[in-house]
Amino acid sequence: MDNGDWGHRMTTPVTLNVGGVLYTTSLSTLQRYPDSMLGAMFRGDFPTTRDTQGNYFIDRDGTLFRYILNFLRTSELTLPVDFTETDLLRKEADFYQIEPLIQCLHDPKPLYPPDIFEQVVELSSTRKLSKYSNPVAVIITQLTITTKVHGLLEGISNNFTKWNKHMMDTRDCQVSFTFGPCDYHQEVSLRVHLMDYIMKQGFTIRNTRVHHMSERANENTVEHHWTFCRPAHKVED
C-alpha cells in the first residue's frame, strides 16, 4: 500500500454502533492511542463484530462514548459542569484502555475559573419513518429545544412565529415543534434556522449523535441530537 492509499484509508469515515448509538469518525482518530483497545481493534489484532448494517458493533454505553470519542479527537477531557456519571465514564475509559483519559479522570481539572459555568442547549430531531413505503415516507417529525437558559427559549418563541402552528405546548425548559407528513420538509428548514439562531447567541456545537430505534412493526424512529455550550459568569445571590 503506497502512502496515498494509506492516507486515504486513515481519513475514510468509519461508523461505529456503540450500544445502539451510531458514531462516525476517522480511522486515524480511533487509532490515536495505539496501545488502547480501539487502537488494537482497528489494527486487526483481534476480531471485530458488525451489526446488520455493516457497522462495527461495540456492546458498551453508547451515550458515554461521545466523551470517549471527543477525547480521541482533541486529547482533552471536556465534560458539562453538571456531569454526574464520572464513575461510569472511568469504567468506560478502563474498558477502552485509553491511559491518558484514565489519568484525566483520576486527576480532574476544572473546565472554567470558579466564577464561570457552562450553559447547555440540547436540540433533538425525532423522525418516524414508514418501513413499507418505497421511497420511505415520513410519518411525523418533531424538533425539541431543551435548555435552562430561559432567555433563549423566549427568543425562539418570539422570533420563530412563522412556525407557530407547529409549536406544541411548551414546558419551563423546553419548546417543541411537530410537523406532519405533508410538511416534514419544513422541519429541515426550521432546524437550520434554529441552529443558526442558537450559535448567534454565543453557543458552539459540543457534539452530535444519531440513534436508530424501532418502536412499532410498521415504522422506524430516527433521532438526531446536537449539544451546544457557552461559558457564562455566575451571578452572586
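A: The secondary structure of the protein chain consists of eight helices and eight strands. The model is predicted, and the chain has 237 residues, of which 40% count as buried. Among contacts with a separation of 6 or more, 62% join residues 24 or more positions apart.

The mean pLDDT of the protein chain is 82, and 84% of its residues reach 70 or more. Helix α1, residues 3-11, has the lowest confidence, with a mean of 47, whereas strand β3, residues 56-58, has the highest, at 95. Over residues 1-8 pLDDT stays under 50, and the model has two contacts beyond four places in sequence for this stretch. Where pLDDT is low, the predicted coordinates should not be read in detail.

The part to examine is the pair formed by helix α4, residues 65-74, and helix α5, residues 86-96. Two packed helices are described by the angle between their axes and the distance between the axes. For α4 and α5, the axes come within 10 Å and cross at roughly 55°. The crossing in which α4 passes α5 is right-handed. On the α4 side the contact is made by F65, Y67 and I68, and on the α5 side by L89, E92, A93 and Y96. By class, six residues of this contact are nonpolar, one is charged and none is polar.

Two loop residues complete the picture. Most residues other than glycine have a negative phi. S75, however, has a positive phi, near 60°. This residue, S75, is found in the loop between α4 and α5. S75 has a relative accessibility of 35% and so counts as partly exposed, a class that lies between the limits of 20% and 50%.

The other residue is Q97, which is not glycine and has a positive phi near 55°. Q97 lies in the loop between α5 and α6, the latter spanning 99-106. With a relative accessible area of 43%, Q97 is also partly exposed.

Definitions and conventions. Residues are numbered from 1 along each chain as its sequence is written. This is a predicted model: local features need pLDDT of at least 70, side-chain atom pairs count only at pLDDT 80 or more; totals for chains, interfaces and linings use all residues. Side-chain values use heavy atoms; hydrogens and water are left out. pLDDT is the predictor's confidence in each residue, from 0 to 100. Helices (H or I, at least four residues) and strands (E, at least two) are DSSP runs, numbered from the N terminus. Contact means heavy atoms within 4.5 Å. Axes are lines fitted to C-alpha atoms, for helices over the stretch in contact, and angles run from 0 to 180 degrees between N-to-C directions. A crossing is left-handed if the near helix is turned anticlockwise from the far one by less than a right angle, and right-handed if clockwise. Ala, Val, Leu, Ile, Met, Phe, Trp, Tyr, Cys and Pro count as nonpolar, Asp, Glu, Lys and Arg as charged, and the others, Gly among them, as polar. Buried means under 20% relative accessible area, exposed over 50%, partly exposed in between (1.4 Å probe, protein chains only).
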